[in-house]
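The exercises below ask you to read packing geometry and sheet order from the coordinates. Work through each task before turning to its solution.

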Amino acid sequence: MIRARGTRVVSVLEARRAAVREALHAALAAAVSAGDLPTVEVPAQVAVGEPRDRSHGDLSANLAMLLAGPSGRKGRDVAAILLRHLETGRIPGCARAEVAGPGFLNFFLEPGWLSPVVQEVLAAGDAYGRSDCGGSRRILVEFVSANPTGPLNVVNCRAAAFGDALIRCLRAIGYVAEAEYYVNDAGGQVRKLGLSLEARLRQLRGEAAQVPEGGYPGAYLEDVARAYADAHGDAVLREPEDVRVATLAEYAVEHLLAEQRAVLERFRVSFDHFVRETAIREHGAPERVVERLVQLGRTQERDGALWLCTKASNEDNDDRVLRKRDGSFTYRVPDIAYHAEKFDRGYDRLIDIYGQDHHGEVPAVRLALQWLGYPVERLEVLLTQMVRLVRDGRDAGRVSKRGGNFIAMRDFLDDVGVDPARYFFLMRTIDTHMDFDIDLARSQTQDNPVYYVQYAHARICSILRQAGAAGIPGVPAAVLDHPAEALLCHCLATYPAEVRAAAEGRAPHRLTAYLRTTAERFHTFYVQCRVIGEEPARAAARLALCQATRQVLASALGLLGVSAPERM
RNA sequence: GCGCCCGUAGCUCAGCUGGAUCAGAGCGGCCGACUUCUAAUCGGCGGGUCGGAGGUUCGAGUCCUCCCGGGCGCGCCA
């Protein structure tokens, strides 16, 4: 490991890239002063990447192609000129460089040049892959936020896995990220919930009550009714209607919310804040939002209702009602007030994770917030696409929060297991309309990719146990120059960048791809390279590689909230 | 009709911030490998005009336009 500029640690990969970059700049200067190239502006971003195909070298630069336009020459010609002026001696361990393709300069380094990364990983320990890119900036991530009118389902499961993994990734790169759940515990739906519970309670007493039209007919309210009766009897039924409904609605909300929290906890998803709509309404925030929007001239009275004039903005395709004819607010008013309140709490960035079926509401909320003077550019709305259920190879109906066809998250976890469920959802981008094969999920034991990765971890643990018993030290006693070792080292070296990309790109699914590649390379290494029984220096070096690989696998799995078993 | 998302191998999906050395993985199919650190593994074979057509560029799966196909929204429901 090389220390440069104070305490900043530069990895062997970064250091070698920097050396290539510097050598290229020197070559360019030499070429210009020799008159081989016209004076050109040096591009700010000279990419020094790692080619996928190993026959293309270890590092690759696109500088010549960037200069092709400005210098009026072909990329290949510029590359040849640069190569002529290039002093490969400036790059440690550089055996040769060559021109390839449309003008790439490819650099071939000595075998095993990435070996030092093993010590970097082991020295950094759990901190390897973490960074302070976020600079302790505060991010609030709101997700799941399901209505407290029923159990969570598979769609919520997708959002939960994504939001939680994203938060873990953001924290890993130095953001102060907080998880928030917004509880819609007010409004017409909650009243209907109370009425539905009342019907169930009456049914318990043998009355011929019916769950009202537009209510919640799910069987789960029968359980809630029994729980209520056990705790409080049925005296509430003799109260006046408004007291009756409010009491039962509140009970149902608390009961269902507790169930939601329990299943989320089981799914390893925890929230820092549960913010309730009733709390937002309590001090008149919705009224103030409407007043200000009226004062700002962004509203219009029409047909007895108050409308937000969003259509004129070109960002929404219709105006939206704020206050209904009956005088009550639509759900979007407390929604706007809630977002205003989130801004007021002083976060540097707000992230909302919603289902695609709510995307139509986003423009109105954004516009209202913008008009109210909030910095909406700091609000990111991420939409998770729908999940299509497939059973017996056929469409088993779409899953939406409002559709009747859903699988409860609790049952889903019983079938599939937490690790596979999390991994399964995190393998795909949230933009994908994913097919969820119920049969495959049920049978997933060996086919699920999560086991492939976990197995690599368990295999390493087995080696570590036996090597420990054999007294083999894990130290860099030899250069790791076997092709399988080199590929594995490369995975270790790119891990920090991968974590950062996952966090900043809001794309934790990148880590599942990374894990697969790393596990695959370990399995290949396992078959091709033995640890125990090799001559001592090589055994020690390979053992260190195993330790470093285990550490990175465990770290990446941890960012996804998936366990890293020591035995399987 | 309008808005958002998607269209890549038989199936399910990757392909990072405005392109290059990007056509991939897994599963399924076929053939091989357990007396040595876990075979939940490894090696090999076959498989795609990247929905279509234009455009920008030295270069497009990736960017722009249009078209086709699918999903979801477009409630004084949330």
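**Exercise 1.** Determine how helix H7 and helix H8 are oriented towards each other in this predicted model.

*Solution.* Begin with the geometry: helix H7 (residues 220-232) and helix H8 (residues 241-266) pack at an angle of about 110°, and their axes are 10 Å apart. Angles of 65 to 115 degrees count as roughly perpendicular, and H7 and H8 are therefore roughly perpendicular to each other. Next comes the contact itself, to which H7 contributes Tyr220, Leu221, Val224, Ala227, Tyr228 and His232, while H8 contributes Thr247, Leu248, Tyr251, Ala252, His255 and Leu256. Finally, the handedness: H7 passes H8 in a right-handed crossing.

**Exercise 2.** Describe how H16 packs with H14 and with H18, giving angle, axis distance and handedness for each pair.

*Solution.* Take H14 first: helix H14 (residues 418-426) packs with helix H16 (residues 449-470) at an angle of about 110°, the axes being 9 Å apart, and H14 and H16 are therefore roughly perpendicular to each other. On the H14 side the contact is made by Asp419, Pro420 and Tyr423, and on the H16 side by Pro449, Val450, Tyr451, Val453 and Gln454. The crossing of H14 past H16 is right-handed.

Now turn to helix H18 (residues 509-528), whose axis comes within 9 Å of that of H16 and crosses it at roughly 40°.

**Exercise 3.** Work out the strand order of the five-stranded sheet, and identify the strands at its edges.

*Solution.* The five strands form an open sheet in the order S9-S8-S7-S13-S14, with parallel pairing. Strand S9 (273-276) and strand S14 (379-384) each have a single partner strand, so one side of each is left without a neighbour in the sheet. Neighbouring strands are turned by 25° against each other on average, direction ignored. At the S9 end, four bridges join S9 to strand S8 (residues 176-183), and the two run parallel; the bridge partner of Glu180 in S9 is His273. Helix H5 (residues 154-172) packs on this sheet, touching strand S7 (138-142), S8, strand S13 (349-355) and S14, and its direction makes about 155° with that of S8.

**Exercise 4.** Carry out the corresponding analysis for the sheet formed by S10, S11 and S12.

*Solution.* These three strands form an open sheet in the order S10-S11-S12, and the pairing is antiparallel. The edge strands, S10 (299-302) and S12 (320-323), each pair on one side only, and the twist from one strand to the next averages 40°. Four bridges join S10 to strand S11 (residues 305-308), where Trp307 stands opposite Gln300. Helix H10 (residues 285-295) lies across S10, S11 and S12, running at about 70° to S11.

Conventions:
Residues numbered from 1 in each chain as written. Chains lettered and ligands numbered in written order. Predicted model: local features only at pLDDT ≥ 70, side-chain atom pairs only at ≥ 80, totals over all residues. Heavy atoms only, no water. Pairing = 2+ DSSP bridges. Axes fitted to C-alpha atoms, helices over the stretch in contact; angles between N-to-C directions. Contact = heavy atoms within 4.5 Å. Parallel < 35°, antiparallel > 145°, perpendicular 65-115°, else oblique. Left-handed = near helix turned anticlockwise from the far one by under 90°.
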